[in-house]
Structures are given as C-alpha cells and as structure tokens.
Amino acid sequence: ASAPPLADRLSAPVIPVIVVADAADAVPLARALLAGGVRALEVTLRTPAGLEAIRRIAAEVPDALVGAGTVTRPAELRAVRQAGAAFAFSPGWAPELSDAARDEGIEFVPGVMTPSETMAAANRGHRALKLFPASVAGGVPMLKAMAGPFAELRFCPTGGVTQENMAQYLALPNVFAVGGSWLTPADAIAGRDWPRITALAERAAAARG
Ligand code: 3PG
C-alpha cells in the first residue's frame with residue numbers, strides 16, 4: 001500500500017524550508033526540529049550539501065519525514081528518492097517534473113502562483129500545491145479567491161510566511177500546511193544553536209488557524 005499523502009502525515013501543519021551548508025549539521029538540526037514537534041522537513045537542493053543532508057536524515061532520524069525542496073530539474077527526483085526523500089517540493093510548475101515524480105513514485109508538490117498554473121497542475125492529478133511566493137502572489141486574499149474555482153485543491157503557502165502571520169493562513173480551509181525558512185535561521189545553524197531551533201519549532205507547532 002502506498003503511504004498516505006503528506007498532508008495526513010504531518011505532526012504539525014508547518015514545514016521548515018531548510019538550507020544546509022554543511023551536511024554534518026543535518027542530523028542534529030532534524031532532531032532539534034523533531035524535539036519541537038515538527039516532523040516534516042523540506043531540505044532544499046540550494047546548496048551542494050542538500051542531497052547528502054537528505055540522505056543522512058533519512059538514514060539516521062527515522063521519526064522525521066524528510067523531503068526535498070527547490071527541485072527544478074527532472075533528474076533531481078530520482079536522486080532525492082534514492083537519497084530517501086519521502087516527498088519533493090518545487091517552486092514552480094513544470095509538467096516534466098510531474099511526470100518524473102510519477103515515474104519515480106515520489107509524492108510531488110508543485111509550486112504555482114497563478115490560476116493557469118493551478119489548472120495545469122490539477123489537470124495532471126495534483127491536489128496538493130505549493131503557493132509560491134505566497135506573499136507576493138497575493139497571500140491570504142489570493143487563497144480565499146482560489147477556493148472559489150478550485151474548491152478541491154489544497155495549498156501550502158511559502159515565501160513570506162512568518163510566525164506572526166502563519167495562523168491567518170492556517171485558518172483557511174484550503175491550506176493544509178505552511179512552509180518557510182524562519183524556523184531554521186542560517187545563523188542558528190551556523191552556530192549550532194539547536195535549542196533555539198527547537199524553541200522556534202515549538203512556537204510554530206503550537207500555532208493554529
Ligand atoms: C521557499 O522556497 O519556500 C522559500 O524560500 C521560503 O521562503 P521564506 O524564506 O520567505 O520563508
């Protein structure tokens with residue numbers, strides 16, 4: 001049986017967007033987020049260490065649900081699946097990514113920021129979409145507007161989501177989670193300030209719409 005969709009496997013409706021400079025930080029970072037109640041981790045491919053970070057978290061932190069972010073090229077879907085990623089996010093919509101994810105059997109959440117992209121993704125069977133960059137695309141009013149024509153779709157807004165505004169997003173029935181980088185500040189990772197990251201995760205996990 002295939003795993004239930006990502007939206008049903010979250011411990012809290014918040015997904016940190018993680019940029020790792022040094023793969024050695026991946027496991028303690030993942031444990032710090034888990035300790036704060038956040039289990040789904042989007043590790044971006046923005047740095048060369050990203051793929052190795054996914055591999056280490058998948059191998060060493062079994063309670064985490066690790067996925068890949070910033071997937072932009074079809075070949076990356078095989079690489080992240082082989083590394084152990086349970087899901088993959090893209091900042092944008094590209095049909096070839098959707099096809100590659102289906103071929104690899106990895107759950108794929110494409111990014112959209114217009115109704116046309118949303119229709120293209122929905123017509124390929126996607127029901128969970130990333131709204132990116134959410135604040136620039138129109139934020140909460142845009143998601144409310146999208147609920148009219150696209151009532152069956154669910155969104156994960158990222159880009160400009162913060163601890164302060166996340167509850168407004170989560171209050172919308174068509175939002176299944178929010179994502180963002182505020183949970184894993186670069187200076188906290190560089191300084192290996194894991195307690196600070198656990199505290200940020202706890203605060204975010206406690207927020208409800
Ligand atoms: C993403 O890829 O989702 C964004 O880079 C996260 O945006 P943020 O830094 O505004 O949270």
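Some ground rules. Residues are numbered from 1 along each chain as its sequence is written. As the model is predicted, local features need pLDDT of at least 70 and side-chain atom pairs count only at pLDDT 80 or more, while totals for chains, interfaces and linings use all residues.

The protein chain has 10 helices and nine strands; these are DSSP runs numbered from the N terminus, helices being H or I of at least four residues and strands E of at least two. Of its 209 residues, 45% are buried, meaning that 20 or more other C-beta atoms, placed from the backbone, lie within 10 Å of the residue's own.

Now helix α2, residues 50-60. Eight of its 11 residues are buried, so α2 is largely enclosed by the rest of the structure. Among them are Leu 51, Ile 54 and Ile 57. The buried residues pack against α1, β2, β3 and α3, with contact taken as C-beta atoms, placed from the backbone, within 7 Å.

Next, an open sheet with the order β6-β7-β8 and parallel pairing; strands pair if DSSP finds at least two bridges between them. β6 and β8 stand at the edges with a single partner strand each, so one side of each has no neighbour in the sheet. β6 and β7 pair over two bridges, and Gly 111 has Lys 130 in β7 as its bridge partner.

Last, the ligand. Residues around it, including Val 17, Phe 132 and Trp 182, have a C-beta atom, placed from the backbone, within 6 Å of it. The shell divides into five nonpolar, seven polar and no charged residues, with Gly counted as polar.

Key
A residue is buried if 20 or more other C-beta atoms lie within 10 Å of its own, exposed if 12 or fewer, and partly exposed in between; C-beta atoms are placed from the backbone. Two residues are in contact if their C-beta atoms, placed from the backbone, lie within 7 Å.
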